Amino acid sequence: MRSLQKIIKLMLLEKKDILLAIICGFVAGISSVALFAASGYLISKAALTPPFYTLIILTSAVKLLGLIKAGAKYGERLYSHRATFTILSNLRITFFEKLEPLVPHLFRKYTSGDLLARIVGDVESLQNFFLRVFYPPIVLLLVFISTVFFASFYSAAIAVIMLVGFLLTTIAIPALFYLRQAKLSGKVKQERGALSIEVTEFMYGFRDLKLFQQLQTKETQLLEQSETYLKQQKQENINKAYSQSVNGFITSIVSWFVLAVGAYLVANGELDGIFLAMLVMISLTVFEPAAPMAVFPIYMEESKSAATRLYDVAEDPDIQADDGKMPIELLDRAPEISLQQISFSYMGDWRATIPDLSLTIPAGSKTALIGASGSGKSTLLQLILKMQQVQVGEIHWNNQSLATIDAASIWQQTKVVLQENHLFYGTIRDNLLLADNQLDDQQMEKALAEVNLGHLALDANVSENGENLSGGEKQRLAIARALLKKGNLWILDEPTSSLDAQTEQMIYQHIFEQVDGDTLLLVSHRLYGLEKMDQIIVMDHGNIVESGSYYELMEKRGYFYQMKILERSLL
Ligand SMILES: Nc1ncnc2c1ncn2[C@@H]1O[C@H](COP(=O)(O)OP(=O)(O)OP(=O)(O)O)[C@@H](O)[C@H]1O
């Protein structure tokens, strides 16, 4: 319910349209009742051959009420839909703003399919909250109270029948169907989430499924999942239609009762016969807006669970970004990075990926991180980049704890090439401008030449995920992007793993020339060229097992030396 309160708060930003929708809704409802009441009265009066001017007044009133009703109905639709679309767009923006800082932490717990189902499907479900849950009961109540009050002047019994009908159609029947719906609604959302996950997995893995000839099997699974979802949805819609029909049935019974009791009262002389048709017509009209009330609890439940699902992600304590920290202008000089007795485990992992590690990377130094696959090298880089949070200990940027610095300030001062780098659909230029949108063509062409990509035009197309580039070209483009970015800390995670030895050497030479005085942290699997490094850190199972310069480690004849011998024997 707390989530729904937050949605209401967001909704109330559109106070003006909401108020106008309620006013127009009330005018439309009450003029509709008045229109039918006047028609009923006109029919009865006409039978008594009244003076001509009475008929003229009555027919004019009917026509006028018809016009008012149509105008007010139009106004209600206009303002309620305008409010709904603005509310939906506010909701989307709010959730995007809430989720954006949670990336990449968000993907540790939620799959992209699930997130898509929530952001698209659940936000979409919330459109019903305003249109069918929030304002219609207010309009209905206002119209009903006014009508029953009016009817009570003619007959208290008929007013009571209408009241009973009102309670039945707005409370008893909806409550009955709510119980049935509550079970179904949860299932539909679950199935929608599951289907969304299946679809995204299918799309992402399409090529591999084809290569492993599993496309057919996966397709069948997808169709089965879709069938289940459709079945649940159909069941839900049948339930909605059923409850609406029952509600409609009750309202006609109420009108029959009004007619029967009215006729009895007329026969007993307790009600003037001229008003009977009017009261029956009123009872037929006043329940019109009550019909959608049958589905009120269904939409209420749907909105409640959609709001909860959205806030569950946005406020999930497991994935909150560290931040809320004020951006800090980090000094424009090479930083010293020191890690003091840090410990870190991935969420849900019982073992510590980094059990207890201390390390200093002096300002302006070049450090290489080496070690077996899975020894925690990339994790260490992610901790320095604040893409993951240390659970114990502290990391310092110069003398400032990372805990007090917002992640964006760190990224601003860092040139990063990760193992996998995303290339965007567009041109080479678009992808390079990501580093700094003030770059001119000359600077970009120079960077391309430095990574041996001088043959690529800046206007050349890059397809989705850089599919039209080779693995090595993608890596070089990512390096060019890093070269063009401002920053004094270089974080390179196996930046040249897909390159041939000659290109690799050439690129490292450029990188080392550019690093000049900056702090560099490089993860590498290959052990040659490490002579240029100020220190080499050898990691194993999240621990530092050896550290020193290339010559110190070779002299020590320890872990690094053994790795070097092994590498030589393999070449
Ligand atoms: N997102 C993650 N969630 C859970 N565990 C992870 C995650 N990323 C890495 N790990 C685990 O943490 C450990 C260290 O991984 P990490 O990627 O840091 O190793 P690495 O030394 O960089 O390996 P490689 O050289 O193969 O890139 C591994 O056991 C890995 O399974």
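Visitor: Which residue is the bridge partner of Ile337 in β2?
Guide: In this predicted model, the partner of Ile337 in β2 is Ile361. The two strands involved are β1, residues 337-344, and β2, residues 354-361. They pair in the antiparallel sense over five bridges.

Visitor: Which residue stands opposite Gln340, then?
Guide: Gln340 stands opposite Glu394 in β4. Strand β4 covers residues 392-397, and five bridges join β1 to β4. These two strands run antiparallel.

Visitor: Let us move to the ligand. Which residues are around it?
Guide: The residues around the ligand are Tyr346, Asp349, Thr353, Gly371, Ser373, Gly374, Ser375, Gly376, Lys377, Ser378 and Thr379.

Visitor: How do the residues of that shell divide into nonpolar, polar and charged?
Guide: The shell around the ligand has one nonpolar residue, eight polar residues and two charged residues.

Visitor: And which helix gives the most to the shell?
Guide: Helix α13, residues 377-384, gives the most, with three residues.

Visitor: How many residues of β3 are buried overall?
Guide: Six of the six residues of β3, which spans 366-371, are buried, and the strand is described as mostly covered.

Visitor: In which sense does β3 pair with β10 and with β11?
Guide: Strand β3 pairs with β10, residues 519-523, in the parallel sense over four bridges. With β11, residues 535-540, the pairing is also in the parallel sense, over five bridges. As examples, Thr367 has Leu521 as its bridge partner in β10, and Ile370 has Val538 in β11.

Visitor: What is the order of the strands in the open sheet?
Guide: The order is β6-β9-β10-β3-β11-β12, which makes an open sheet of six strands with mixed pairing. Strands β6 (414-417) and β12 (543-548) stand at the edges, and each has a single partner strand, so one side of each is left without a neighbour in the sheet. Neighbouring strands of this sheet are turned by 15° against each other on average, direction ignored.

Visitor: How many bridges join β9 to β10?
Guide: Five bridges join β9, residues 489-493, to β10, and the two run parallel. Within that pair, Asp493 stands opposite Val523.

Visitor: New topic: helices. At what angle do α16 and α17 cross?
Guide: The axes of α16, residues 441-450, and α17, residues 471-484, cross at roughly 130° and come within 9 Å. That angle makes α16 oblique to α17.

Visitor: Is that crossing left-handed or right-handed?
Guide: Helix α16 passes α17 in a right-handed crossing.

Visitor: Why does Lys386 count as buried?
Guide: Lys386 counts as buried because 23 C-beta neighbours lie inside 10 Å, and the cut-off for a buried residue is 20 or more.

Visitor: What about the phi of Asn398?
Guide: Asn398 has a positive phi of about 50° and is likewise not a glycine. Asn398 lies in the loop between β4 and β5 (400-401). With 13 C-beta neighbours inside 10 Å, Asn398 counts as partly exposed.

Visitor: Where is Gln389, and how far is it from Leu402 in space?
Guide: Gln389 is in the loop between α13 and β4. Gln389 and Leu402 are 9.4 Å apart in space, C-alpha to C-alpha, and 13 residues apart in sequence. Gln389 is partly exposed, with 16 other C-beta atoms within 10 Å.

Visitor: Last one: how far apart are Met11 and Ala83 in sequence and in space?
Guide: Met11 and Ala83 are 72 residues apart in sequence and 8.3 Å apart in space, C-alpha to C-alpha. Met11 belongs to helix α1, residues 2-11. Met11 is buried, with 22 other C-beta atoms within 10 Å.

Notes: Residues numbered from 1 in each chain as written. Predicted model: local features only at pLDDT ≥ 70, side-chain atom pairs only at ≥ 80, totals over all residues. Near = placed C-beta within 6 Å. Nonpolar A, V, L, I, M, F, W, Y, C, P; charged D, E, K, R; others polar. Buried ≥ 20, exposed ≤ 12 C-beta atoms within 10 Å, placed from the backbone. Pairing = 2+ DSSP bridges. Axes fitted to C-alpha atoms, helices over the stretch in contact; angles between N-to-C directions. Parallel < 35°, antiparallel > 145°, perpendicular 65-115°, else oblique. Left-handed = near helix turned anticlockwise from the far one by under 90°.
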